[in-house]
Structure formats: C-alpha cells, structure tokens
Amino acid sequence: MGRFVLRRLVGLVPLLLVLSVAVFLLVYLIPGDPAVTLAGGEAATPERVAEVREQLGFDEPVVVQYGDWLADAVRLDFGESLYTGRAVGDELRARLPVTASVVLGSVVFALLVGIPLGVLGGMRPASKTDSAVTALASLGIAMPSFWLAMILIIVFGLELDWLPVRGYVSFAESPWEWFRHLILPSIALGTLMGATLARQLRGALADVLEADYVRTARAKGLGPVRVVGKHAFKNAAMPAVTILGLQIAYLFGGTVIIEEIFALPGVGTYLVNAIVGQDVPIIQGGIMMLAVFVVLANLIVDLTYGFLNPKVRVS
Amino acid sequence: MTAATIPTVVVPTLAGRFRAFLGRLFRRPAAAAAATYLLLLVVVALLAPWIAPHGPYEQDLNAINQAPNAAHWLGTDDLGRDVLSRLMYGARISLASSVLSVGAALVVALPVGLVSGYVGGRLDNVLMRIVDGLQSIPPLVLALAIAGLLGPSLRNIVIALAVIFIPAFVRLIRGQVLAVKEETYVEASRSVGASSGYIVRKRVLHNIASPLIVQASITLGFGLLAEAGLSFLGLGIQPPEPSWGVMLSRAYDYIFEAHWLVFPPGVAIMLTVLAFNLLGDGLRDTLRGG
C-alpha cells in the first residue's frame, strides 16, 4: 500500500506541471496586446499600460514569466488583483471555507439521496419502484443546477419562507445558521451527483445480485436486507466510487454558478467577477486552486479504490 | 443449355442499413420519443421566423410580466416580449452553439486521438498528459475563463465549449484505437500490406463510429447546459439576443416579480438535455445489437 501511495504522489508532479502551464498561458487568449486591453483598452494612458506590463512581467520572455509565476505559485502567492491591488492568495484563503462548505454539503446531499434510491431501484430491477428511480435520476441529470436553484428559491424561500436564499454565515459565528444557509445551495449543486450515483448504484447492484455468491447467501436463508447490506453493496459500491471521483470536477465547476445565485462569498463568485473584469492574476490563481483540489480529490478517490480493491494496487 | 442460376448475395446498401438501424432504434419507446422531440425542435428552430407569433425583440410595454394567456401562450417578459417566440428563436442559438461546439471538438479530437492511439510511444504519452491536465480543470470554469478572456460572442462560446469537450473525445477515440489495433482483422490487413492510412480509414474509423456517436449525443446535451450556464453568468450569448440561458438569466433578475418566467426556458433546457441523453442511451443499446 505504501508503494502504491508513493507512486500515485510521484505521478502528480507532471500533471500539476502541465496544469500550471495551461493555466498560465490563459492570459494569451486575450486578443491583441494583453497589456493594453488589461489597462483599459485604447483609452489607457501609456503609464498605466507600462504599469500592467511590469506587474504581469510581459516584457520578459514567456518562459521567464512562467518560471517567475510558478516559483511564486508554489508558495501560494498568485500576485495582486489588477484593480484592487489586494493579494490574490489571501483573498482565496479567506473564501475557501465558503466553497468547501458548499461542496461538502453537496456531496453529503448526493450520498443521502443517491445511495437509498440506488439500492431501492437495484434491489428489484424492472419493478415500479425501479422505473420511478430511473426516471427521477434521468430528470436529475438533465436539470440545470441553476434552474433547480431558482425553483428552490421560489418554493422554499419566497413562497414558504422557510429558508434563507442569499448569503453565508460562518460556522464559527452560528453553526445552525451556517447549516440553514447551505441547505438550498447543497441541494441545487448535489442533485446531479446524487442522480448519477443512484443510476450507477442501481445498475451495479442489479448486476451483482445476479452473481453466484449472492444466490448462495440467499440459499442460506439470509433476508434481502442482509444480502444487500453484507454481500452485494460493497461490490456494487466500487463503480459508484469511480463515478464520484469523476463528478468532483463538475462539482467544483458548478459551485461557480451556485455561489453566484445564492450570493455566497466563495471562490466561485470571486472568480466569475475576475473573469468578467479580465483580472488575470485572480483568474490564474483561482483556477489553479480549484484544479489542485480536483486533483487531490481524485487522488483520495484513487487511494480509496486501491484500499477497497487490492488488484488496483499492483497494476 | 440454360444458364445456371448464380446464387446472388444481397449486399445491403448504406441507405438500406441506415433505414434498418432507424427501425430498430424507433422500436425503443424512450429513444423514439427523444428522437421525435429533437426533430420537432430542429424544425421549430429552423422555421422560427415564419411560425413564431411575434418577433423576438418586439416589445409591448402595456403587457409586461404577463402569465400565460390567449394572446401570449407562455406569457410575456419584463419588456412585454412574447416568451414563446423568444423560446423558438432561442432554440436556434442554443442548439447552434451546442452542435457547432461538438462538431469543432470532433474535428480536433479525431486526428489527435487516432494518432495518439495508433502511433503510441512518447507522443501518446505527452498527449495524454495534456489531456489529463485539461481534465483536472473544472470544465465549466475553463469554459468561462476562455469565453471571458476571448470576449463573449457565439464564436468564442463555440471555441470555449469545444476545448472542454476535446479531452473526453480524445480519450475515447484513443481507447477504441488501442482496442481495435489488436483485433485479428486489422492484423490481417497489415499482413497483406495495407498502409497505415488505409487501415485507419477502412478498419479503425469504422469501428470507433458507434461509441463516438453515443458520446456525441450525450455531449450535445452537456453543450446545451454549458451554453445556458455561460449565458446565465453574462459570459455567453449577449442580451437582447434570445438564447435559453439568456432568458433564464433575465428571469432570475425578475424572480420576485414574475416567478412564471423561470419555467419556459428551464423546462426547454431540461427536456432537450433529457432527449439527448435518452437518444444516446438508445443509440448505445441499438448499436450493441440489443
């Protein structure tokens, strides 16, 4: 197991390097001379253009620029915002708990909904319950998260007035309010993952229940709950774990739009505002940070997978 | 002496095989419904200028934020524009951005995936690392950044979406090539002296078509969602042009005054994505010969 972990960690180095090059080069997508555009277009004073050029190091060769940026980035220094002059690293650190809370809430919601539904459908393939689960999962996958968010706002915020629809309260300030503010965003963002999980688990469980060892367990006289709980679930969970790993990138992408709708002061809102304003240091720093989290989350999924299945460790 | 009857082998034409395939596809109720819905949607989108009851920009400030009624079947928005008409015109832009971006992604991914899988070695290694890197960036965030830095326009949305679709297509094509490369019939072609180009064209492409079509159908749905997301955040299609994402964004601004407006574009997006997914599932099952 130790060597497996080590091999995975070493494998991350080239991935992170490719990632950092891609993120760094994003600035060159800006049409024309980026320094002029970022300084405010044609109307910009030559002094301001020179200032931007200096700040982003545009007068150096690209390789040198990248080296400088990377050297700072590994120390979590992503430079300063072009407009407010505030350090991007500090701002990201301050906003991270908000985004982490939403992502965590979404995963919890996805597991709470996805596992029972998947088991319910998979235990009796082709039954009415199964069809209902499949239909529900298909709808959950097709529904845009931000549309679901709006419906939740209308129903639970405006009509019933049960839950807050805007803003964030930190856990330290009030755990109860923190929880209440996260409910709607977590449902909106977690539905896609929950639906995908239910669908995967349903299919995998239906397959596993056909297997010989399950028939043996049944023949021993075990009830359906013990059969699924003790024998089938563990094996059916393997493909589901893989899917969760793949979905994490979507979850981190989805926070961007969900934070915007619920006015949550997280990394997503910060990033969207920076993209609209073409504030390059924030765009590079924010994307790099989200991507590193995706990589780490995938690593954890990988390791879990290796832990569950010894075969993976040696391949 | 009468000519002996020569037994003839009926070789089905391409059109014939396609018809037979459609027949099998339409025997699946979900896939048939999805295909019919999508066909209707395309017809509506194409004919919008002739069949829409109002122009997409036509304002009636005496009739704003109306609920559905006889004059406006799906109501009116905050400027008194007919929601049904904007939905019809919006289908043009939303479908176009999705179809064009999937097409562009395929044009890039096909050669890259084929070469990566067929040539292998160091080139394959480098290309796969790039694909890994791109796939670690949350797709929506990458699309937002590209569209935002290039500047919002239909062309740039297509570029942004194509970039986020390319990695998965490359991976799929490469995987299929690796699998097909080991098959006996490819080995046989090679042993009789067929060139690499011929093998790729005649043998490999033929076999990767099925999984590619399935993936493309599902990606079309994702493209629609992504366009809506980009436009919702103001980095996609720019108002007053009607796309479903733009309409949803506008509806959100008026969520306190007119709840109703949230539903038409949202339901349209959901149904269309659902249709692309069901069609993808149906195509997969049919192509597998089920």
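Two residues are in contact if their C-beta atoms, placed from the backbone, lie within 7 Å. Take contacts in chain B between residues at least 6 apart in sequence: 68% of them join residues at least 24 apart. For chain A, residues 24 or more positions apart account for 71% of the contacts with a separation of 6 or more. One caution before I go on: this is a predicted model.

Let's meet the two chains. Chain B has ten helices and zero strands. Chain A has 13 helices, and again zero strands. Now the boxes, taken along the principal axes. The C-alpha atoms of chain B fill roughly 85 × 60 × 25 Å. Those of chain A fill roughly 85 × 55 × 35 Å. In chain A, 40% of the 315 residues count as buried.

Next, the place where the chains meet. Chain A puts 41 residues into the contact, and chain B puts in 37. Which elements of chain B give two or more residues to that side? They are α4 (121–136), α5 (139–150), α8 (196–232), α9 (244–253) and α10 (263–287). The most comes from α5(B), with nine residues. By class, the side of chain B that touches chain A has 26 nonpolar residues, nine polar and two charged.

Let me stay with α9(B) for a moment. Is this helix mostly buried or exposed? Eight of its ten residues are buried, so α9(B) is largely enclosed by the rest of the structure. The buried ones are B:W244, B:G245, B:V246, B:M247, B:L248, B:S249, B:R250 and B:A251. What covers them? Part of the cover comes from chain B itself, with α3, α8 and α10. The cover also includes α7 (145–159) of chain A. Find that helix on screen and you can see both chains at work on one element.

Now to another helix of chain B, α2, residues 29–51. A straight helix of 23 residues would span 33 Å at 1.5 Å a residue, but α2(B) spans only 29 Å between its end C-alpha atoms. Where does α2(B) bend? There is a kink of about 45° at B:A45, shortly before the proline B:P49.

Helix α3 of chain B, residues 83–119, packs against α2(B) at an angle of about 110°, with the axes 8 Å apart. Angles of 65 to 115 degrees count as roughly perpendicular, and α2(B) and α3(B) are therefore roughly perpendicular to each other. From α2(B) come B:L41, B:V42, B:V44, B:A45 and B:A48. They meet B:M88, B:Y89, B:A91, B:R92 and B:L95 in α3(B). Notice B:A45 in that list: the kink lies there too. The contact has nine nonpolar residues, no polar ones and one charged.

Last stop, a single residue of chain A. A:E80 sits in the loop between α4 (62–73) and α5 (88–123) of chain A. Is A:E80 buried, exposed or partly exposed? It has 18 C-beta neighbours inside 10 Å, so A:E80 counts as partly exposed. Being buried would take 20 or more. Set aside the neighbours within four places in sequence, and A:E80 is in contact with A:G85, A:R86, A:A87, A:V88 and A:P281. Then look at A:M288. A:E80 and A:M288 are 208 residues apart in sequence, and 15 Å apart in space, C-alpha to C-alpha.

Note on methods. Residues are numbered from 1 along each chain as its sequence is written. Chains are lettered from A and ligands numbered from 1 in the order in which they are written. This is a predicted model: local features need pLDDT of at least 70, side-chain atom pairs count only at pLDDT 80 or more; totals for chains, interfaces and linings use all residues. Helices (H or I, at least four residues) and strands (E, at least two) are DSSP runs, numbered from the N terminus. Ala, Val, Leu, Ile, Met, Phe, Trp, Tyr, Cys and Pro count as nonpolar, Asp, Glu, Lys and Arg as charged, and the others, Gly among them, as polar. The expected span of a helix is 1.5 Å times one less than its number of residues. The bend at a residue is the angle between axes fitted to the seven residues ending there and the seven starting there. Axes are lines fitted to C-alpha atoms, for helices over the stretch in contact, and angles run from 0 to 180 degrees between N-to-C directions. Angles under 35 degrees count as roughly parallel, over 145 as roughly antiparallel, 65 to 115 as roughly perpendicular and the rest as oblique. A residue is buried if 20 or more other C-beta atoms lie within 10 Å of its own, exposed if 12 or fewer, and partly exposed in between; C-beta atoms are placed from the backbone.
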